[in-house]
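Work through the exercises below with the sequence and coordinates open. Each task is followed by a stepwise solution.

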Amino acid sequence: MQTQLAHQMTLALSDDLMFSGVVAVLLIGGLAWFFGALISIVGSNLSGGMKLVWVAFAFVAPFLGCLLWFLIGRHDAQRRLGIG
């Protein structure tokens with residue numbers, strides 16, 4: 001009975017560690033994506049007003065703002081320069 005309880009406690013601990021690792025990877029990845037979007041926005045050749053709008057949108061809705069920047073905004077900024 002004690003060995004079974006010890007085994008269950010070990011499994012519970014390993015599940016907790018695995019869950020924590022997955023959460024940590026997602027958090028670090030999300031932060032890297034967010035800061036990558038901010039750097040990309042600030043480094044773009046958009047006007048100051050449009051940069052401010054994109055940065056504000058990225059802060060208000062981090063996932064959606066970054067996603068839309070990489071799908072729409074970055075391409076639009078390159079198109080305005082004649083790059084893309």
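**Surface and basis of the model**

The chain exposes about 6,300 Å², of which carbon and sulfur atoms supply 74%; accessible areas come from the Shrake-Rupley method with a 1.4 Å probe, and for residues only the protein chains shown count as cover. This is a predicted model, in which local features need pLDDT of at least 70 and side-chain atom pairs count only at pLDDT 80 or more, while totals for chains, interfaces and linings use all residues. Residues are numbered from 1 along each chain as its sequence is written, and side-chain values use heavy atoms, with hydrogens and water left out.

**Exercise 1. State how many helices and strands the chain has, and what share of its residues is buried.**

Step 1. Helices (H or I, at least four residues) and strands (E, at least two) are DSSP runs, numbered from the N terminus. The chain has 3 helices and 0 strands, in the order α-α-α along the sequence.

Step 2. Buried means under 20% relative accessible area, exposed over 50%, and partly exposed in between (1.4 Å probe, protein chains only). Of the 84 residues in the chain, 18% are buried.

**Exercise 2. Identify the residues of the largest nonpolar core and the elements that supply them.**

Step 1. A nonpolar core is a set of buried Ala, Val, Leu, Ile, Met, Phe, Trp, Tyr and Cys residues joined through side-chain atoms within 4.5 Å. The largest one has 10 residues: F34, A37, L38, I41, L46, W54, A58, C66, W69 and A77.

Step 2. Two or more residues come from each of α1, α2 (48-60) and α3 (62-81). The most, 4 residues, come from α1.

Step 3. Contact means heavy atoms within 4.5 Å. Not counting residues up to four places away in sequence, F34 touches A58, F59, P62 and C66.

**Exercise 3. Decide whether S44 is buried or exposed, and list its contacts.**

Step 1. S44 lies in the loop between α1 and α2. S44 counts as buried because its relative accessibility is 10%.

Step 2. A polar atom of the S44 side chain lies 2.7 Å from the backbone oxygen of I41.

Step 3. Leaving aside neighbours within four places in sequence, S44 is in contact with K51, W69 and A77.

**Exercise 4. Classify L26 and V42 as buried or exposed.**

Step 1. L26 is in helix α1 (residues 2-43), and V42 lies in helix α1.

Step 2. L26 has 61% relative accessibility and therefore counts as exposed. V42, at 55%, also counts as exposed.

Step 3. The C-alpha atoms of V42 and W54 are separated by 9.2 Å, with the two residues 12 apart along the chain.

Notes
Polar contact = N/O pair within 3.5 Å; in protein donor to acceptor, adjacent residues only side chain to side chain.
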